[in-house]
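Please look at the chain shown here with attention to how its parts meet.

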Amino acid sequence: MKVYFDNAATTKIHESVLAEMMPFLTDNFGNPSSIHEYGRKAKSAIEKSRKIVARYLNASTAEIFFTSCGTESNNMVIKEAIYSLGVKRIIASSIEHHCVLHSLDTMKERGVKVELLSVNTFGEINLDELEQMLATSTEKTLVSIMNANNEIGTINDIVAIGEICKTHQALFHSDSVQTIAHYTFDVQKNSIDFLSGSAHKFHGPKGIGFVYINSTNTLHPFIDGGAQERNMRAGTENVAGIIGLGTALELWMNNLDEYKTQISSLKVYMIGRLKHEISDIAFNGRTDDKSLYHVLSVSLPANNKTDLLLFNLDIKGICASGGSACASGSVQASHVMEAINAPLDRRTVRFSFSIFNTKEEIDFAVECLKEMV
Ligand code: PLP
């Protein structure tokens, strides 16, 4: 039996998404910058995807730019907020994804002030602390707080954070790579300047992401060259990828309630089964709706089997993760586990679910974990 429970790392491309992409990898291979028919077809397909993203966010198409991935979107926002908008200080949480934290390290070396908000044992920031930090300085500030954490699933209230940022005239960016498609967004109702998304987290292809840039902010091009993406991001577009992103997002928009119910019920089922079968079970982060419905971070007692937890699960055919994908297979506690003060005598495994998972797969995983504990 092969069980894929690593959907926060990446998801399987949906066959209907692949079907929409295929013509643009075969017969419709034109360069969208070409004025002939092949080029025009590619261009219009790109603009169709842009409309889907704009409709999903309730944004204007002029505010959506395609990038190569979530990492690029996050780099673009952080670096261009400094280079184009004169940001002098960035406030982020200590459990941001490495593509945010490492971008901040680079910017710090170049003289930008970086301040990290600590989190409690659930991985939650303190909004009063954010407010106080913003109140202490009038320097132009960007707040970069992820919508939800990829390792433990903790969701941040980006509406409340946006309001605080607005009150203090700070810009607000949210790395929404784990929530785009899985939740609804309305940028008209919230004070958000920038959002980042990535298609491979919602049954789209890898190597394609987008950034939402509120029209009140004008950034310089992040990649110089041709006039693609309205001069913001040069380079011949990943046409099939962009179409895959739009198709996958539309699939979610049309089926969100069903997908959400299906995936949440898997998470609830696994929590129940684990509690029933393993007395010494615990979970990292919250397990309620303040946590991603597709992520469950399980904490087990350390022993010689759980010390090699991911390896032992892999032998049984179960793909899971210890934390973020880049930390997979590593026995070292991740920066997130350290930040939430996860006990050193516990071992963590992250199960993350998709529409392709079943309760039978969960039963199998629970049996395997039970054997190890
Ligand atoms: N941000 C978060 C919260 C993520 O989970 C990930 C991927 O794991 C990224 C950013 C990076 O996205 P991408 O893989 O598209 O570069």
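The questions below concern the domains and the contact between them. This is a predicted model, in which local features need pLDDT of at least 70 and side-chain atom pairs count only at pLDDT 80 or more, while totals for chains, interfaces and linings use all residues. Residues are numbered from 1 along each chain as its sequence is written, and side-chain values use heavy atoms, with hydrogens and water left out.

Q: Which side chains meet in a salt bridge?
A: A salt bridge requires a side-chain nitrogen of Lys or Arg within 4 Å of a carboxyl oxygen of Asp or Glu. Across the interface of domain 1 and domain 2 this rule finds 1 salt bridge. At 2.6 Å, N to O, a salt bridge joins the side chains of R286 and E124.

Q: Which element gives the largest share of the side of domain 1 that touches domain 2?
A: Helices (H or I, at least four residues) and strands (E, at least two) are DSSP runs, numbered from the N terminus. Two or more residues on this side come from each of β10 (295-301), α9 (335-339) and α7 (239-277). The largest share, 5 residues, comes from α7.
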